[in-house]
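Reader: I would like to learn how to read a structure. Please take me through it step by step.

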Amino acid sequence: MQNQLQTQYELSHEQLEKMRAECGIDLIGVTTVEPFSELLPVLTAYRDKGFESGFEHPVIEERIDPGNLVPGAKSMLAIAIAYYTEDHASMHRPAGVRGVLSKYAWGLDYHRVLRDKMNLLIGAMENELGRTIACHLSVDTGPLVDRAVAERAGIGWFGKNCSIITEKYGSWVFLGQLVTDVLIEPGRPYEGSLCGDCDLCIRACPTGALVDPFTTDSSRCLSYITQMKGLVPLEFRTKMGTRIWGCDTCQVVCPSNKQAANASGEEFRPEPELAFPELTALLGLSSREFKNEFGATAAAWRGVNVIKRNALIALGNLKQVEAVPRILEFLTNDRPELRGTAAWAVAQMMERLNRDRPGLAGEVLTQVRLAAEKETDPAVQDEMQWAFTHNG
Ligand code: B12
Ligand code: SF4
Ligand code: SF4
């Protein structure tokens, strides 16, 4: 009876393992296309509590039903690609006044890398089966909950920091999935989370975004905040430190990442000038220059103004007095979030300016006052007013 059932599967795990290695995929798992019914209350509560970022696919019913994505869907393949290369560990901030991009944006944009590898996998499966297969592949921007798919396919377990943690590569992996009409035996998920009593990530999170184990309030998460448009809420600006894009804190502290194997591919090898960009250089980039320099990374999709705003915040946090003349130019910029953030950034330096450069301190206050008089955006006016009342 058991043999009869096994012969129904069209590809064995051995065949899949061979294709995985040939296609440069680090981990592969299989699950069914059964709906993720248990996620319905989780995703609904997440939305009702206001924890969503707005980057999630909007229709919850579609997020939990892989079977709808392909006619005759029978299985789902989950893949993981590791991105922590041997160079990540030895990377140091080069000299100069610099910010930092999250490690996930240090190499090539993972969306492209994973899509390419999954397309190779589709080709390999078609070769093996001698037929065209129906497929729906997605990485990040598809309807499915990538982490839930990976967990059910046995790729890893949920950490209390919400990340999928794998035995071999820790949580430094990107996830993708392929819904297909090929019947493959499903793998087995881990039996729950392996975090045990640890709560290091929850204690280390700078903003309290991990409001409960396994739950991130996006509106407090610096990964979201560095990507949001407009003015960053005041309470998070100093907490951003020198983060220009994303946040790695809850993964860096995780013991499961201490022994993580290095990524083997070349795609994510870091380039120090991009990983730790020079802050005043960022302020000077045009949209075209930004696209040329950062367009191939995962840090480019929100455009240059979000990056400039974050660079202004980082300069304010570093109290970079030398950058004051450059920052003051932004008080009359055509972007309200840059005008307002520039006022905040110089206000961070007033104590130091009053002490070390009183002449420049007076000039700063004059320029902020003049800008405030001309300002028409009420939110920016508030920022400038705030800068006046916090002038050291
Ligand atoms: C929206 C989004 C964000 C938002 C919200 C994050 C979040 N936690 O949901 C923001 C912008 C904040 C974000 C940040 C990051 N993201 Co993001 N993001 C997504 C996206 C598009 C959707 C996530 C989603 O659906 N969330 C819904 C909530 C409810 O899910 P969840 O928080 O993961 O919670 C799950 C578990 O907690 C579990 N659960 C619930 N209750 C319980 C109870 C127990 C006991 C257990 C065991 C589990 C459990 O069920 C939930 C659903 O699976 C996915 C891609 C995708 N399409 O899925 C990428 C994705 C999750 N992001 C990813 C990455 C890399 C990141 C960052 C690490 C980037 C960075 N360094 O800055 C951070 C991590 C922050 C964090 N704490 O999660 C990767 C994760 C890879 C991995 N190894 O897990 C993904 C999968 C993209 C990809 N394809 O590789 N992200
Ligand atoms: S990514 Fe940063 S801000 Fe977000 S939950 Fe993790 S530590 Fe907290
Ligand atoms: S830091 Fe501890 S609690 Fe957080 S994900 Fe890692 S093992 Fe789990």
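## Reading a ligand shell and helix contacts

Author: The shell around ligand 2 has 8 nonpolar, 2 polar and no charged residues. Ala, Val, Leu, Ile, Met, Phe, Trp, Tyr, Cys and Pro count as nonpolar, Asp, Glu, Lys and Arg as charged, and the others, Gly among them, as polar. This is a predicted model: local features need pLDDT of at least 70, side-chain atom pairs count only at pLDDT 80 or more, and totals for chains, interfaces and linings use all residues. Residues are numbered from 1 along each chain as its sequence is written, chains are lettered from A and ligands numbered from 1 in the order in which they are written, and side-chain values use heavy atoms, with hydrogens and water left out.

Reader: Which residues are around ligand 2?

Author: A residue is near a molecule if one of its heavy atoms lies within 4 Å of it. Here they are Cys205, Pro206, Thr207, Ala209, Leu210, Cys221, Leu222, Cys247, Thr249 and Cys250.

Reader: At what angle do the axes of H17 and H20 cross?

Author: Helices are DSSP runs (H or I, at least four residues), numbered from the N terminus. Axes are lines fitted to C-alpha atoms over the stretch in contact, with angles from 0 to 180 degrees between N-to-C directions. H17 (residues 336-347) and H20 (residues 378-389) cross at roughly 5°, and their axes come within 8 Å. So H17 is roughly parallel to H20; that term covers angles under 35 degrees. Contact means heavy atoms within 4.5 Å. Trp344 of H17 and Trp386 of H20 are among the residues making the contact.

Reader: What about H15 and H17?

Author: The axes of H15 (residues 304-318) and H17 cross at roughly 10°. Therefore H15 is roughly parallel to H17. This contact includes Leu312 of H15 and Trp344 of H17.

How values were computed
Helices (H or I, at least four residues) and strands (E, at least two) are DSSP runs, numbered from the N terminus. Angles under 35 degrees count as roughly parallel, over 145 as roughly antiparallel, 65 to 115 as roughly perpendicular and the rest as oblique.
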